[in-house]
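Work through the exercises below with the model open beside you. Try each task before you read its solution.

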Amino acid sequence: HVQLVESGGGLVQAGGSLRLSCAASGCTFSTYVIAWFRPAAGKEREFVARITWSGGSTAYADSVKGRFTISRDKAKNMVALQMNSLKPEDTAVYYCAADRGITSTPQYWGQGTQVTVSS
């Protein structure tokens, strides 16, 4: 079955950078969309960024556009989220998720990795 394992979280000062990784296994991801989510006030989760495994098309939440970059490495079966110019409001547990297509409720989830941005 599909397994997603996140890594790369940590503590960073405002304005700094972190790179999150999501290692994917368990199936052929050619038709999958891999996305990052984080909890948000008043919501169960907030979409952050996504990438289509086959074509590499990307999309971002307005709150992170221009600061975060999502990418995939097909050879390593990994998706990365490069986070620059981090703000205290980016503090959250970041979850990697996958499904066959774009959805706000992906079927498969990782365990999450904590990102803390100090002011």
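Two strands count as paired if DSSP finds at least two bridges between them. The model is predicted.

**Exercise 1.** Find the strand that pairs with β7, and state how many bridges join them.

Solution. Start at β7, residues 68-73. Strand β8 covers residues 78-83. Six bridges join β7 to β8. The cut-off is at least two bridges. The two strands run antiparallel. Now pick out Ser 71: Ala 80 in β8 stands opposite.

**Exercise 2.** Give the strand order of the open sheet of four strands, then name its edge strands.

Solution. Read across the sheet: the order is β1-β3-β8-β7. The pairing is antiparallel. Next, look for strands that pair on one side only. These are β1 (3-7) and β7 (68-73), the edge strands. From one strand to the next, the twist averages 15 degrees.

**Exercise 3.** Which cysteines form a disulfide, and which strands hold them?

Solution. Apply the cut-off: the sulfur atoms must lie within 2.5 Å. Those of Cys 22 and Cys 96 are 2.0 Å apart, and the two form a disulfide. The count comes to one disulfide. Cys 22 sits in β3 (residues 18-25) and Cys 96 in β9 (residues 92-99). The pair is 74 residues apart and links distant parts of the chain.

**Exercise 4.** Is the disulfide of Cys 22 and Cys 96 left-handed or right-handed, and is Cys 96 buried or exposed?

Solution. Take the torsion about the S-S bond: about -75 degrees, so the disulfide is left-handed. Then check accessibility. Buried means under 20% relative accessible area. Cys 22 has 1% relative accessibility, so Cys 22 counts as buried. Cys 96 has a relative accessible area of 0% and is buried.

Methods: Residues numbered from 1 in each chain as written. Predicted model: local features only at pLDDT ≥ 70, side-chain atom pairs only at ≥ 80, totals over all residues. Heavy atoms only, no water. Buried < 20%, exposed > 50% of the residue type's maximum accessible area, 1.4 Å probe, protein only. Axes fitted to C-alpha atoms, helices over the stretch in contact; angles between N-to-C directions.
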